[in-house]
Amino acid sequence: MDNNQLFQKFVAFSAAVHQITNDITKDVKSEALTPLQYKILEYIAVSQPVTLSEVSDCMQMSMPNTSREVKKLSEKGVCTRITDPDDRRKQGITLSAAGEALMNEAFQQIAVRFEQRIAGITAAERKEIEQALDLLQQKVFY
């Protein structure tokens, strides 16, 4: 397989990942959050602590808009800013206890949907999928 064919498979795979992600995360967010705010919290949950610029890059948002959304999330009590003691100009963003609880609940709902999706696979297939995900993480999504 040449690089172009591999790239086309990667594009199709990426599109499928986005579609499945949307399907299994649909309606799991709190009513108090916008879809964008939920996505920001989800990113913080799996990558914390994060900087404002990391959130901005990941969400493909301007810094002012990112700052405004993170401020709203802080006001809702679901994330906190932590100042770096070595460099007071740097701030990390983490989930608060309420944010952790909210995301744990969301991830539990997502896990149930994921389990339903893979219910028909064998133990050997489960192992193959795990190995494939590990390989993708190491070689492509690092």
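A: Let's start with aspartate 27, which lies in the loop between α1 and α2; helices are DSSP runs of H or I with at least four residues, strands are runs of E with at least two, and both are numbered from the N terminus. This is a predicted model, so local features need pLDDT of at least 70 and side-chain atom pairs count only at pLDDT 80 or more, while totals for chains, interfaces and linings use all residues. Residues are numbered from 1 along each chain as its sequence is written, and side-chain values use heavy atoms, leaving out hydrogens and water.

Q: Is aspartate 27 buried or exposed, and how do you know?
A: Buried means under 20% relative accessible area, exposed means over 50%, and partly exposed is in between (1.4 Å probe, protein chains only). Aspartate 27 has 67% relative accessibility, so it counts as exposed. Its backbone is worth a look too: phi is positive, about 65 degrees, although aspartate 27 is not a glycine.

Q: Which label does glutamine 60 get, buried or exposed, and why?
A: Its relative accessible area is 75%, so glutamine 60 is exposed. Glutamine 60 is found in the loop between α3 and α4, and its phi is positive as well, about 55 degrees, though it is not a glycine.

Q: And what makes serine 53 partly exposed?
A: Its relative accessible area is 35%, so serine 53 falls in the in-between band. Serine 53 sits in helix α3.

Q: What does the overall fold look like, read along the sequence?
A: The pattern is α-α-α-α-β-β-α-α, that is, six helices and two strands. The C-alpha atoms fill a box of roughly 50 × 35 × 25 Å along the principal axes. Of the 142 residues, 25% count as buried.

Q: What does the UniProt record say about residues 3-138?
A: An unreviewed entry annotates them as "domain: HTH marR-type"; positions use the numbering here, feature names are shortened, and annotations may be inferred rather than shown by experiment. Over that stretch the chain is 69% helix and 7% strand, with the end C-alpha atoms 18 Å apart.

Q: How do you know the span of α2 agrees with what a helix should give?
A: The expected span is 1.5 Å times one less than the number of residues. α2 covers residues 35-47, 13 residues, so it should span 18 Å, and its end C-alpha atoms are 18 Å apart, which agrees.

Q: Which residues of α2 are buried?
A: Gln37, Tyr38, Ile40, Leu41, Glu42, Tyr43 and Ile44. They pack against α1, α3, α4, β1, β2 and α5. As for isoleucine 40, leaving aside neighbours within four places in sequence, it is in contact (heavy atoms within 4.5 Å) with Val55, Met59, Met61, Glu69, Val70 and Leu73.

Q: What makes a set of residues a nonpolar core, and which members of the largest one touch the most others?
A: The members are buried Ala, Val, Leu, Ile, Met, Phe, Trp, Tyr and Cys residues joined through side-chain atoms within 4.5 Å. The largest such core has 22 residues, and Ile40, Leu41, Leu73 and Ile93 touch the most other members. Two or more residues come from each of α2, α3, α4, β2 and α5, with α2 giving the largest share, five residues.

Q: Why are α2 and α5 called roughly perpendicular?
A: Axes are lines fitted to C-alpha atoms, for helices over the stretch in contact, and angles run from 0 to 180 degrees between N-to-C directions. Under 35 degrees counts as roughly parallel, over 145 as roughly antiparallel, 65 to 115 as roughly perpendicular, and the rest as oblique. α2 and α5 pack at about 95 degrees, with their axes 11 Å apart, and are therefore roughly perpendicular. Tyr38, Leu41, Glu42, Ala45 and Val46 of α2 make the contact with Leu102, Met103, Ala106, Phe107 and Ile110 of α5.

Q: What label does valine 46 of α2 get, and why?
A: Valine 46 has 62% relative accessibility, so it counts as exposed. Its C-alpha is 9.8 Å from that of methionine 103, 57 residues apart along the chain.

Q: How are α3 and α4 set against each other, and why that label?
A: Their axes cross at roughly 110 degrees and come within 9 Å; α3 and α4 are therefore roughly perpendicular. Leu52, Ser53, Val55 and Ser56 of α3 make this contact with Met63, Thr66, Ser67 and Val70 of α4.

Q: What kind of peptide bond joins glutamine 48 and proline 49?
A: A cis one, with omega about -5 degrees. Proline 49 is in the loop between α2 and α3.
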